[in-house]
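Hello,

Here is the structure for you to look over. My notes follow below it.

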Amino acid sequence: FPFPYRPYLIQERFMAALYDALEAGRVGIFESPTGTGKSLSLICGALSWLRDFEEKKQQEEARLLALEDSEQEGKEMTSRAPGCPESKDSAGEPDWVTAFVQKKEEREAVDRLKEEHIRRKKREDRLEKIRHNVQLKYAAKRKRPEEDETGRLLQLSKEILSEGAEVDVVELLDHNEEELILAEYESDEEKKVVSGLEEDDDDLEEEHVTKIYYCSRTHSQLSQFVREVQKSPFGKDTRLVSLGSRQNLCVNEEVRRLGAVQLINDRCMEMQKNKHEKKRDEENEGKKRRVSRTICPFYSYEQMQFLRDEVLVEVKDIEQLVALGRETKACPYYGSRYAIPAAQLVVLPYQMLLHEPTRNAAGIKLKDQIVIIDEAHNLIDTITCIHSAEVSGSQLCCAHSQLLQYMERYRKRLKAKNLMYIKQILYLLERFVAALGGKVNQNPGCQAVSQTGTVLKSINDFLFQSQIDNINLFKVQRYCEKSLISRKLFGFVERYGGTAVKTNKENQKLAGLQNFLLTLQQGSGKEGTLQSPPVEAESEQLRTASPLMQIEGFLSALTNANQDGRVIVNRQGTVGQSSLKFLLLNPAVHFAKVVEECRAVIIAGGTMQPVADFREQLLSCAGVDAARVMEFSCGHVIPPENILPIILCSGPSNQQLEFTYQTRDLPQMMDETGRILCNLCNVVPGGVVCFFPSYEYEKQVYTHWEKTGLLTRLAAKKKIFQEPKKANQVEQVLVEYAKCIKRCSHAGGQMTGALLLSVVGGKMSEGINFSDDLGRCVIMVGMPYPNIKSPELQEKMMWLDKTMPRAAGQAPSRVLIENLCMKAVNQSIGRAIRHQKDFASILLLDHRYARPAIFSKLPQWIRERTQVKPAFGSAFAELRKVRTCILCTA
């Protein structure tokens, strides 16, 4: 395998296993710890296979074309020879009929090969020309600004000529308002619309070459991967395209300012629609003068074709793609999509690949292609999250009020089919609010709910009890998608402000007081919910300004099969605070198409243990044959002595460590935890990261240590930092934590570093690297089991027990709970070792970790080196020994 340097042995094994999996068309679960060069192994292994596959394909094409030529010569010879008597085959058909059918099929196959060969040659020549002709490149870049300048001068001339004419302001406003009117909805049948313009059908219908789709969780991880490709031996010859959302790729500042992703999407779609309508209007200009509609200046077919070629010539990450889009005045979002058919490696966020409508809209075709899903430890949760949806009572009431007023204002302008669908949506909203125990024409903030609590229902039961089982939700969903009604409604609310979102007159009088009381109520509620993530200003704006967008997602979710999901009716205090949520129980139904269509699927990550969830909940339920699934797990590149994992069963005062819900709140347990930390901070240099099961427990322990004076003792050796709950404060805390450790290591003295109190599942447990001195010891306090009282988790457990077989005598629900706990543990403890020369200690404070069922779910490279210590004394001796070795090495 080509590699930029001498690979580790485990990297060679990884690449060989990956190559075999792709060649055999397997579904592989690959685990390679962070710091072992996983990304580079994926790049070099997968692209080596692709290179060999393309060579074999071209050789086979050449052989078939040569065979065709020789057969043509043979035919000419035969035509000159005397005729032979006619014979029949076993089926009774004359030989000439069978031969004719066979030859026809062969001829068609050869014709396809010839076309593909010509198309490939044409593409390669075009890219080669661009690669070596710098003048051509800059001429294309210069052409667009020149066109813009010409257009500006023409517009200026028109304005000067029309200066003398009187402009009717009211008419202008009416023209602007035309954009809010729904176009005639022609058919219920979904039309197949090609994404993009129709100027060049040949380019749009370009054959998709065999390619690799590489997915990861975030855009920063994807950019990092692209940089690795650039540094690899394949960096110069690979046709790579980076895909992203409009929010990340849009270069139109007017659209970007909308902020919320749904608003950006809808505005972009509307501008495209305007461009097509403008074309039709120009064709029919003599018949009727239509209004001027806003179109996107970056949506230029010619410039997007140029951007496509630039992307295919040289590997670019998303930042470079956006910069190129600005420079060439071309849309990177659509330009990158034009590059998909010819690309060999497509890099994209896995939400885009896992959500079928998004996948189709982007022009992604998975048939016989390769999919690699990296950072896949949360794959099941991601699929569940993408296909779940929640709407609040206040959103439902607000959407009803907005849509009703929209319909009343434009009733005379709307066609019959539009009115019919709007009335259906209004009825659905009315019934949804009724399901929460309220009425749509009253303020949701002051409607008290009589029966509070959470009820879970099957989809069919919810539809039947809400009296909406007679409405075709598929048609309503299609109408929302095609008519862009949520975008029109958002424009309507933007235009008329507060007047478009009020309810009836009686409630308007109380609105100010109710809003004030609701604010107070929400404020007091926020303090109690410590684990609730901060609500971003953009999403809050989206909820209030355009609630119908959120509701469309809920309507779409209700079209899932009855057995695959549940509707959670959550009634809390007022109708406004209550909510309806769709919970997807079977993520496999949405993953099935990916594994069915693809040649091979690779699910990779630094920590994939326990893998039973992937095999049973995802692959088995998606219909993947067990023989097609393969697992690969490799060790770490660090020497065995560089890591010391210890399961500690009791503390310094012989208190058994068992942090169950019943025992963890006891003062003696919190005291024992403090004593362990004090001892560790005395011997461990640099940074110590301590993970707690939840924010509430971390706060409780911290408060207890403050009262007992233990916090003061800890602070004498390590400066104490706490993980913030707000995402925008994480970076600041990490910077201060790192500065403190660096300062202490240089200054010497009594204080030896810092102690960071973190939370499992929080901001610090995933994606943050505590390499070198930032994490010389990682401590896990107890076992972070999920909240078993959660209605959603209980429903998932019941569903698993009904649909899954028992494994090794354990109920599937019990296995799920243990797996969720150990996935969280493995992610957290994997933060410490980040490269070959790193070293750290890992302490698991709970005797339950030593149980075989739990112990087996630790990552192999940690499990092999883990020591179980019944008493604190022997564990402390091991830690002191490690410190002595470190000091000697230093």
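V689 stands opposite V778, a residue of strand β16. This is a predicted model, so please read everything here as computed. The pairing behind that contact runs between β13 and β16 (residues 777-781), in the parallel sense, over 4 bridges.

β13 also pairs with β15 (residues 753-759). That pairing is parallel too, over 7 bridges. Within β15, L755 is the bridge partner of V688. β13 itself spans residues 686-692 and is mostly covered. Of its 7 residues, 7 are buried.

Next, another strand. I646 sits in β12, which covers residues 643-648. Is I646 buried or exposed? Its relative accessibility is 0%, so I646 counts as buried. Buried here means under 20% relative accessible area.

Which residues does I646 touch, leaving out those up to four places away in sequence? They are I842, L843, L844, Q867, K869, A875 and E878. S841 is 195 residues from I646 along the chain, yet their C-alpha atoms are separated by 7.8 Å.

Now the whole chain. The protein chain has 890 residues, and 49% of them count as buried. Its secondary structure comes to 35 helices and 18 strands. Take contacts between residues at least 6 apart in sequence: 82% join residues at least 24 apart.

Best regards

Notes
Residues are numbered from 1 along each chain as its sequence is written. This is a predicted model: local features need pLDDT of at least 70, side-chain atom pairs count only at pLDDT 80 or more; totals for chains, interfaces and linings use all residues. Side-chain values use heavy atoms; hydrogens and water are left out. Buried means under 20% relative accessible area, exposed over 50%, partly exposed in between (1.4 Å probe, protein chains only). Helices (H or I, at least four residues) and strands (E, at least two) are DSSP runs, numbered from the N terminus. Two strands pair if DSSP finds at least two bridges between them. Contact means heavy atoms within 4.5 Å.
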